Amino acid sequence: MTEKKYINFEASRGFPAGERIRYECEICGETLLSMPQNAAACKCRNIIVDADAGRISVKSPEKMKAYEVEAEN
Ligand SMILES: [Zn+2]
C-alpha cells in the first residue's frame, strides 16, 4: 500500500507540484496528478491542471488536498 503524506500549503501562494504529488478533490473525490502529460481536471472541475502552461486553477482551494506518494523502487 502506498502511503499518503499530506502537504500543508497556502493556496494564495501557489500549489505544490511534482512527480510524486497528487491533488485530491474533496467535492467529487477524484485524484489528479500534479504534473499530468497534458491537462487534467477532476469530474466537478474544481481542480484544473494545465501542465503545458504550468497553471493550476482551483475554484475552492479549501476543498482540495495535496499529498505526496512514496517513490517507487
Ligand atoms: Zn472535483
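Predicted model: local features only at pLDDT ≥ 70, side-chain atom pairs only at ≥ 80, totals over all residues.

Tutor: Ser34 has 21 C-beta neighbours inside 10 Å, and the cut-off for buried is 20 or more, so Ser34 counts as buried. You'll find Ser34 in the loop between strand E3 (31–33) and E4. Who sits around it? Leaving out residues up to four places away in sequence, Ser34 touches Ala17, Gly18, Ile21, Arg22, Tyr23 and Val49. Also have a look at Ala51: Ser34 and Ala51 are 17 residues apart along the chain, with 8.1 Å between their C-alpha atoms.

Now follow the chain into E4, which belongs to an open sheet of three strands, ordered E4-E5-E6 with antiparallel pairing. Strand E4 (39–41) and strand E6 (55–58) are the edge strands, each pairing on one side only. On average, neighbouring strands in this sheet are turned by 5° against each other, direction ignored.

How is E4 held to E5 (residues 47–50)? Three bridges join these antiparallel strands, and Ala40 stands opposite Val49 in E5. That's the Val49 that Ser34 touches, too.

Ala39 and Val49 are ten residues apart in sequence, yet their C-alpha atoms are 5.5 Å apart. Again setting aside residues up to four places away in sequence, Ala39 touches Val49, Asp50, Ala51 and Asp52.

Terms used: Residues numbered from 1 in each chain as written. Pairing = 2+ DSSP bridges. Helix = DSSP H or I, 4+ residues; strand = E, 2+ residues; numbered from the N terminus. Axes fitted to C-alpha atoms, helices over the stretch in contact; angles between N-to-C directions. Buried ≥ 20, exposed ≤ 12 C-beta atoms within 10 Å, placed from the backbone. Contact = placed C-beta atoms within 7 Å.
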